[in-house]
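Visitor: I have the sequence and the model open beside me, and I would like to go through them with you step by step. Could you show me what we will be looking at?

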Amino acid sequence: MTENISVDKNKSDEEIYLQILPQIKSLINSDEPIISNLSNVTAALKEAFNKISWVGFYLLKDDELYLGPFQGKIACTIIKVGSGVCGKSALKKETIIVEKVDEFPGHIACDAGSKSEIVIPLLKNKKLFGVLDLDSYNYSSFNQIDKKYLEKICVLLTEELDLEKFILT
Ligand code: SME
């Protein structure tokens, strides 16, 4: 059985990312199913940060994003590329930070309590495989520090896992 991640939540966000990054790296195992790897990454992030109300992956098939492994309340299952924060991030292939979701045109409210959000595209050689989405019940919860480390986590995933093999049926 894998040990739970060890994290000191009294530290700054950057220090927490520095604590969990090597642990997430050692959690990722390319011999195991992609879905298991993605699931544990969402659990590690949710465990590490009290500010996260929801964290999960949406995975691309054709021009739609499908709900993948996540931690939190039930969520919207299908998001069109181009729609909402997730779909815009997928379309632009860029991380999007939303300080106030009610001010983001087209924001999709899966949980009415959500106040801020960050979405990171899962990219390998500029090819899109999905997005990593994090929500918070507070405004302005995510910033450039989150962007920097969450992008690193997405790079670890796309480098270690053969996402080409992942098939959504
Ligand atoms: N708010 C997202 C939808 C996904 S939920 O937050 C889990 C969006 O606007 O794309």
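Visitor: In which element is the place of Asn37?

Guide: This is a predicted model, in which local features need pLDDT of at least 70 and side-chain atom pairs count only at pLDDT 80 or more, while totals for chains, interfaces and linings use all residues. Residues are numbered from 1 along each chain as its sequence is written, and side-chain values use heavy atoms, with hydrogens and water left out. Helices (H or I, at least four residues) and strands (E, at least two) are DSSP runs, numbered from the N terminus. On that basis, the place of Asn37 is in helix 2.

Visitor: Is Asn37 buried or exposed?

Guide: Buried means under 20% relative accessible area, exposed over 50%, and partly exposed in between (1.4 Å probe, protein chains only). Leaving aside residues up to four places away in sequence, Asn37 touches Leu27, Ile28, Asn29, Glu32 and Leu161, where contact means heavy atoms within 4.5 Å. Its relative accessibility is 4%, so Asn37 counts as buried.

Visitor: In what order do the six strands of the open sheet lie?

Guide: Two strands are taken to pair if DSSP finds at least two bridges between them. Strand 1 and strand 2 run antiparallel and are joined by six bridges, while strand 2 and strand 3 pair in the antiparallel sense over three bridges. Strand 4 and strand 5 likewise pair in the antiparallel sense, over three bridges. The six strands form an open sheet with antiparallel pairing, in the order 3-2-1-6-5-4.

Visitor: Which residue is the bridge partner of Gly56 in strand 2?

Guide: The hairpin of strand 1 and strand 2 has two residues between the strands, and in this hairpin Asp62 takes a positive phi near 55 degrees. Within this pairing, the strand 2 bridge partner of Gly56 is Phe70.

Visitor: Which cysteine is joined to Cys76 by a disulfide?

Guide: A disulfide is counted here as a pair of cysteine sulfur atoms within 2.5 Å, and by this rule the count comes to one disulfide. Cys76 lies in the loop between strand 2 and strand 3, and its partner in the loop between strand 4 and strand 5, so the pair ties together parts that are 34 residues apart in sequence. With an S to S distance of 2.0 Å, the residue joined to Cys76 is Cys110.

Visitor: Why is the disulfide of Cys76 and Cys110 given a handedness, and which one is it?

Guide: Cys76, at 21% relative accessibility, counts as partly exposed, and Cys110, at 34%, also counts as partly exposed. The torsion about their S-S bond is about -120 degrees, so the disulfide is left-handed.

Visitor: How far from Cys86 is the nearest cysteine sulfur?

Guide: Cys86 counts as buried, at 3% relative accessibility. Cys86 is in no disulfide, and the nearest cysteine sulfur, that of Cys110, is at a distance of 7.5 Å.

Visitor: Against which elements do the buried residues of helix 4 pack?

Guide: Helix 4 (residues 144-160) lies across strand 1, strand 4, strand 5 and strand 6. Its buried residues include Tyr149, Leu150, Ile153 and Cys154, and for Cys154 the relative accessible area is 3%. The elements against which the buried residues of helix 4 pack are helix 1, helix 2, strand 1, strand 5 and strand 6.

Note on methods:
Axes are lines fitted to C-alpha atoms, for helices over the stretch in contact, and angles run from 0 to 180 degrees between N-to-C directions.
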